[in-house]
Every structure is written in structure tokens, then in C-alpha cells.
Amino acid sequence: MNTIQDEKVEGNCLFPVFLKLNELHTVLVGAGKVGLEKLTAILQNSPQAKVTVVALAISPDMHILSAEYKGVKIIQKSFSDTDLDDADIVVAATNDSKLNKFVRQSAHDRKLLINVADKPELCDFYLGSIVQKGDLKIAISTNGKSPTVAKRLKEVLNEGLPAELDKTLQQMSHLRNSLTGDFADKVKKLNEVTSILVEPKISSRKNFIWLIWSTLILSIIITVTALWFKEPGFKVYIQAINPIFYYFLGAGFVFALIDGAIGMSYGVTSTTFSLSMGIPPASASMGVHLSEIMSNGIAGWMHYRMGNINWKLFKLLLIPGIIGAVTGAYLLSSLEHYSQYTKPFVSLYTLILGFVILSKAFKVGVKRTSAKIKRIPLLGLGGGFIDAVGGGGWGSIVLSTLIAGGRHPRFSLGTVKLSRFFIALMSSITFITMLNSNHWEAVAGLVIGSAIASPIAAKISNRISAKAIMIAVAVIVILISIRSIAIFLGKVL
């Protein structure tokens, strides 16, 4: 008769257990870098843990850490098996494989469980990655296959689970203690209360879907209506289109492909090109924002479907970002008649962004600090204003600042893309209301060109070197911006 024990069981068969280390005695052998990492993990989860560290060489950081916890005791000596006589749990974290095996054998002789650093096959248990929100604690295990994956999952959950979740747990605990009746009645009541955590989510998703699509349709209607009523020559374009339309159609297509490849630079490249073609700054910014409505709406929708939106961060960015964008669009539109003076300042801004893109091309990654940036509304306000005035920069400024300030890159990207959709929409409405532009053929070219490129940008991006594109874009933007500034200075001087 076959039993389960006779069959080969695949998958993670580990049994998760949460230990009260404040009531147990843990012996940690090793006080170097790995030992410090193990002790830090233990104390972060159990600050009152009773830990004895045994090692011949003690790192300074180990002394500093142990001084902060009363339950930690350091014994500077060579390990002997008698060090485990009073132990309940053992962790071996030395760089001596023979010593680690000796510690393991000594632990097993006393029927003690042991974790051996970086040796899954020698471990009786693993120290998993931990996600904690107050009393909520989630342990992640990859069955010893990849601590790096566990670490990344920890980052995702830490960012995705709201800090307010602990408050919900406290309220549920109070409710449970106040309930009367038998066990079945209590479970039924708690199920009724917690069902609200799931049901509104479904309806809110449906409402959000309708909001996205309604706004997309509205943006298309606004654009078409503006072209139809505010530009008498729009009907004539159907029969005899101005050649400049084709220039901007091709430019919008290429710039959208570049943006899809490197995740940035559409605004700065489009604005730089528009200025070089003689388009005033306000009209150039309007064209950029109109063309970004559809692309960012689609991108934001995809990030929403993939769960990449930090809603708390989204709310903090959205309103200040819209206020900044509308204010910037209003001011730039008011100065449209003075475009010969505002144009060099916008060129100076694109020149700076060109150097920013060039610096990013040579950076391996963005350095993230341990402390998250706090003034999110101020960042959104400034980013929205500069984006409207300069015709781009929301991604370069806001996204880079969030990541550098400790925010998770994936959630930051999704949130910035979604908020960008609404900011581009409000900026476009402001520009259309304020301007009597004679450059609708350039605007239409950018809108249509970027829309055509959006579906294929992702596929092409996988076959092109992002670094090479960033360098090329940066050089072109820098040269054109310098040329525009030089022309202005030549006229003045």
C-alpha cells in the first residue's frame, strides 16, 4: 500500500513557525559580517531576544549593535561544544566551513535545531525575509533557492501594504474581544465585518475603469473640437495638409519610440524639436501634453492592472501636480506674445535636462537612501509647474526624486505614469483655453505620431541599447538647446 511518505513530494514543504525568542536562548557562532547580518535580523524581529554571541574575532559593528540590546551577550573565545549546553536554537555564521559543520554536529548531538549561513543543505530551518506592519508579520520563504527573490518580494509587500493596516488589526482585536456568543457566531460576525475590505475594491475598480475611459474619450473630444472651431484652416488640412504636419508626425513617432525604449525624454526631445522649428514655448508645451494624454493613459491603465500603483502616493501627487501644471500652463500661455524672451529660458531648461539624461546613461543604478522623501505634495507641485513651463520633466524630476528618496522603483513608475495622465490632461485643457495658436498642424503631428508609435515602442525597445539611445538623445538635445540660446544671444548682442 502506497503512502504519502513513499511518494516524492515537490514544492516547498517547509512548515512556517513563529518563535518567541524572548523566551528561548539563541546561540550565534560568528561575529563577522554574516554574523552581524544574522543578529540584526533576529533583533529587528525580536528586540527582547536572548542571544549569546560566541566568536574569537568580534567586529566593531557587532559591539555597537549588542550594546543597544540588553538580551545580547558577547563571549570572545573559540567555539567549543559546551557553549551549546544551555542553548535552545543555534545559528552558525562563520566563514570556516569546517567550524560550521562542527557547530552543526554539536547542535544535533543535543537535538537542537540549527541554521548554517549560506548552506541550505546543512540547515534545519531558514531565516526568511520578513514584512512587518505593526502586529502583522509575514515571513517569505523560497525554500533556500533564492534569498534575493525573497528580498525583492519583501520590498514589494513593504511598499504595497499600507501602514494603516496595523490600526485595522487593533480595531479587529477590540471587536473580537467585545463579541459574545459561541465560536461560530463570532466567526460569522467577523466575516461580515471584514467582507467590506474586499467588496468595495471590486466596485472601485469598475468605477476607476469608467473614469479612465471616460477621460480618454473626453480628451479626444476636446482636441477635435478645439481643432475644428478654433482653427479655420483645419478643414483645409484634410485636402491640403501643411508639410510641417509631416515633420512633426515623424518626430512624434520617433520621440515616442525613444521614450518607450528608455522610459523618459519624450517631453524634452519634443519641446527641443518644436523650439528649433520656430514653435513658441506655450504651443510646444501644449503639443507635448496633448500627445501624452493617450500614451500615459494607456501606460497608467496597464500599471493599474498589474497592481503597480501606490494609491497613497498617487493621492499625494495628483492634486498638487495638477495645481502646479495648470498654474505653469496659465503663466506660459499668458507670455505667449513674449515668446522671443521665454524661448531661451525654456532652451536653458532643456539643456539642463539634456545633461541629466546624459548622466543617467552612465549610471548603473540610482542610489536609494534609507529614509523616504516626505514632502510629496511639494514635489508634485514643483514637478507639475516645471513640466508645464518646460514642456516636459515630470518623469525626470518626480520619478528620479522618488526613487532616490527610497521609494520602490516599480510602484513609483506606475504611480508617476498614472498621475501624469491627469496632469497632461489638465495642462492641455488650460493651454487650449488660453491660446489662439497658429501651430495646430505641429500639435496634430505630435499627437498622431506618438499615438501610432505607442503600441510598438515596447517591442522595439527590447532590441535597442537603452544606453546608446540615451547618449544620442542627450547629445542632440544639448546641441540644439545650445544653438537656440546662441541664436538668442546673437540677436541681443
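Predicted model: local features only at pLDDT ≥ 70, side-chain atom pairs only at ≥ 80, totals over all residues.
Residues are numbered from 1 along each chain as its sequence is written. Local features need pLDDT of at least 70, side-chain atom pairs count only at pLDDT 80 or more, and totals for chains, interfaces and linings use all residues, while side-chain values use heavy atoms, with hydrogens and water left out.

**Confidence.** Colour the chain by pLDDT, the predictor's confidence in each residue, from 0 to 100. The mean for the protein chain is 77, and 74% of its residues reach 70 or more. Select residues 199–203, where pLDDT stays under 50 and the model has one contact (heavy atoms within 4.5 Å) beyond four places in sequence. In residues 364–371 pLDDT also stays under 50, with 14 contacts beyond four places in sequence.

**The sheet.** Helices (H or I, at least four residues) and strands (E, at least two) are DSSP runs, numbered from the N terminus. Select S1 (25–29), S2 (50–55), S3 (72–76), S4 (89–92) and S5 (113–116). They form an open sheet in the order S3-S2-S1-S4-S5, with parallel pairing; two strands pair if DSSP finds at least two bridges between them. S3 and S5 are the edge strands, each with a single partner, so one side of each has no neighbour in the sheet. From one strand to the next, the twist averages 20°. Zoom in on S4 and S5, which pair over four bridges; there, isoleucine 89 has leucine 113 as its bridge partner.

**Helix H1.** Select residues 33–45, a helix of 13 residues reaching 19 Å from first C-alpha to last, close to the 18 Å expected at 1.5 Å a residue (1.5 Å times one less than the number of residues). Gly35, Leu36, Lys38, Leu39, Ile42 and Leu43 are buried (under 20% relative accessible area; exposed is over 50%, partly exposed in between; 1.4 Å probe, protein chains only). These residues cover an arc of only 165° around the axis, which puts them on the same side of H1; the arc is that of the directions from the helix axis to the C-beta atoms. On the other side, Lys33, Glu37 and Gln44 are exposed. The cover over the buried residues includes helix H2 (60–66).

**Helices across the sheet.** H1 lies across S1, S2, S3, S4 and S5, at about 160° to S1. Next select H3 (residues 97–109), which lies across S1, S4 and S5 at about 170° to S5. Axes are lines fitted to C-alpha atoms, for helices over the stretch in contact, and angles run from 0 to 180 degrees between N-to-C directions.

**Last stop.** Proline 47 lies in the loop between H1 and S2 and is partly exposed, with a relative accessible area of 49%. Its C-alpha is separated by 7.1 Å from that of tyrosine 69, 22 residues apart along the chain.
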